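Work through the exercises below with the sequence and the model at hand. Each task is followed by a solution in steps.

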Amino acid sequence: MDRATFACSTAFFRDFGNSAAGDFPGGHVDFIDKVDSFTYSDFFRDYLIPNHPCIFSAKFTEDWGCRKIWVTRDGKPNLEYLLQKFGEAVVPVANCDVKEYNSNPKEQLPFKEFVGYWQEYIRNGYRSSRGCLYLKDWHLSRAFPEQDVYTTPVYFSSDWLNEYWDAVAVDDFRFVYMGPKGSCWSANVCGRKKWLLYPAGQEEFLKDCHGNLPFDVTAPDLQDKRIYPRYSQSQPPLEIIQEAGEIVFIPSGWHHQVYNLEDTISINHNWVNGCNVAVMWSFLQDELAAVQREISQWKEPMEDWHLQCQLIMKSCTGIDYKEFYNFLKVIAENRISILEKGLDEESSSQNNSKAAISTLGMLHAVFDLKRTVKVLSSLRANEDFRKLDLTSLSPSPEALLQHLESAIDTALL
């Protein structure tokens with residue numbers, strides 16, 4: 001799953017950091033500064049397809065509403081304004097000082113209570129008996145759609161996750177994060193962050209003897225070969241500093257750890273598209289296999305064992321195989337609609353995500369269909385998928401595949 005982190009404020013990127021492993025050339029992260037000449041095609045060719053990170057300068061976000069009104073003149077979070085607009089909202093807050101099952105425990109707090117804590121935390125020299133609290137995964141755009149916060153850059157408009165969830169009107173993967181200096185996890189709106197990035201594949205060397213990734217990639221425990229037997233084979237992470245106003249693109253499969261170097265507000269998107277949907281499908285297969293191993297002793301006595309495995313997987317990943325099929329179907333039908341009805345009609349659609357993808361053109365729609373066909377063919381042939389009751393799927397996987405292949409053939413005539 002790709003991640004785009006939108007850091008909104010006023011400064012520029014400075015530190016390109018250390019070398020990284022894998023096939024990422026030179027351990028160098030490109031800094032993109034030319035707003036007028038850098039096109040979606042450039043991003044697609046040089047970063048999406050090869051799965052390489054990059055940083056967009058603050059010029060790409062200078063017109064965003066959040067940069068103008070969420071930040072004080074000295075570059076700090078404008079907490080008084082945010083209180084005025086969102087004070088009564090209830091937000092998810094994590095405690096960065098506590099570890100539970102390899103993550104930070106979260107609670108729901110009124111936004112005004114979180115801001116009160118944050119202000120006191122700063123006054124006390126960044127100390128509190130409550131620990132270091134961090135607002136994360138707040139669906140602000142969904143809760144306050146009327147607010148002029150930001151506009152998704154065209155480079156990130158091929159966003160299948162939000163396209164799907166917008167279509168079914170259930171969820172989204174657009175988040176706001178806010179937290180004091182010293183908190184950690186992904187993203188920014190003002191302030192600075194330090195990122196540690198491991199290219200895809202390097203995470204295998206970071207796993208412990210049970211196959212779990214570390215909670216903190218800088219922890220001394222990683223030097224213990226009894227716990228992390230392959231850590232010595234890992235390469236140093238790529239280290240970058242994200243300044244306010246900049247956008248960082250984190251490619252699929254790149255394990256990362258993030259530190260807030262200052263009081264920070266961030267906007268973040270997780271998204272899947274034609275470039276990495278096959279990675280998503282591989283991930284789901286691995287997750288299901290892990291669940292099956294965990295409850296293998298119950299396979300014989302449990303009549304609906306395969307269904308229970310799907311339910312457990314969905315509780316962990318948010319999606320099961322049947323919903324993944326529906327996810328592919330929605331994307332595919334939207335692309336077919338673009339090809340059949342044309343770009344002008346689709347760009348006036350009420351679904352903003354669907355309208356955004358239509359601006360990328362007919363060839364991109366064909367690219368997406370081809371990638372969908374490849375994954376859908378694999379899903380249809382998958383043994384675990386075939387064991388499910390598929391009668392509720394409409395159209396059937398076979399019929400949908402035929403429709404997609406026909407649409408591609410027609411488009412390429």
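**Exercise 1.** Determine how helix 8 and helix 13 are placed relative to each other, and which residues make the contact.

Solution. Two packed helices are described by the angle between their axes and the distance between the axes. Axes are lines fitted to C-alpha atoms, for helices over the stretch in contact, and angles run from 0 to 180 degrees between N-to-C directions. Helices are DSSP runs of H or I with at least four residues, strands are runs of E with at least two, and both are numbered from the N terminus.

Step 1. The two axes cross at roughly 15 degrees and come within 9 Å.

Step 2. Angles under 35 degrees count as roughly parallel, over 145 as roughly antiparallel, 65 to 115 as roughly perpendicular and the rest as oblique. Helix 8 and helix 13 are therefore roughly parallel.

Step 3. The crossing of helix 8 over helix 13 is right-handed; a crossing is left-handed if the near helix is turned anticlockwise from the far one by less than a right angle, and right-handed if clockwise.

Step 4. V277, A278 and W281 of helix 8 and R371, V375, S378 and L379 of helix 13 make the contact, where contact means heavy atoms within 4.5 Å.

Step 5. By class, these residues are five nonpolar, one polar and one charged. Ala, Val, Leu, Ile, Met, Phe, Trp, Tyr, Cys and Pro count as nonpolar, Asp, Glu, Lys and Arg as charged, and the others, Gly among them, as polar.

The model is predicted: local features need pLDDT of at least 70, side-chain atom pairs count only at pLDDT 80 or more, and totals for chains, interfaces and linings use all residues. Residues are numbered from 1 along each chain as its sequence is written, and side-chain values use heavy atoms, with hydrogens and water left out.

**Exercise 2.** Describe the packing of helix 13 against helix 15.

Solution. Step 1. Helix 13 covers residues 362-381 and helix 15 covers residues 397-411; the angle is about 155 degrees and the axes are 10 Å apart.

Step 2. The pair is therefore roughly antiparallel.

Step 3. Helix 13 passes helix 15 in a left-handed crossing. Helix 13 contributes V366, L369, K370, T372, V373, L376, S377 and R380, while helix 15 contributes P397, E398, L400, L401, L404, E405, A407, I408 and A411.

Step 4. Sorted by class, the contact has eleven nonpolar, two polar and four charged residues.

**Exercise 3.** Do the analysis again for helix 3 and helix 4.

Solution. Step 1. Helix 3 (residues 79-86) packs on helix 4 (residues 111-123) at about 165 degrees, with axes 9 Å apart. Helix 3 is therefore roughly antiparallel to helix 4.

Step 2. The crossing is left-handed.

Step 3. On helix 3, L79, E80, L82, L83 and F86 take part; on helix 4 they meet F111, K112, V115, W118 and Q119. The classes come to seven nonpolar, one polar and two charged.

**Exercise 4.** Is G274 buried or exposed, and which residues does it contact?

Solution. Step 1. G274 is in the loop between strand 13 (264-271) and helix 8 (277-294).

Step 2. Buried means under 20% relative accessible area, exposed over 50%, partly exposed in between (1.4 Å probe, protein chains only). G274 has a relative accessible area of 3%, so it is buried.

Step 3. Apart from neighbours within four places in sequence, G274 contacts W160, F367, D368 and R371. The C-alpha atoms of G274 and D159 are 9.1 Å apart, although 115 residues separate the two along the chain.

**Exercise 5.** Place H255 in the chain and list its contacts.

Solution. Step 1. H255 belongs to strand 12 (residues 255-260).

Step 2. With 18% relative accessible area, H255 is buried.

Step 3. Not counting residues up to four places away in sequence, H255 touches L196, L197, Y198, E203, L206, L213 and V217.

**Exercise 6.** Inspect the backbone at P395, Y126 and D137.

Solution. Step 1. S394 and P395 are joined by a cis peptide bond, with omega about -5 degrees. P395 lies in the loop between helix 14 (383-386) and helix 15.

Step 2. Y126, which is not a glycine, has a positive phi near 60 degrees. Its loop runs between helix 4 and strand 6 (133-138), and at 24% relative accessibility Y126 is partly exposed.

Step 3. D137 is also not a glycine and has a positive phi of about 60 degrees; D137 is in strand 6.
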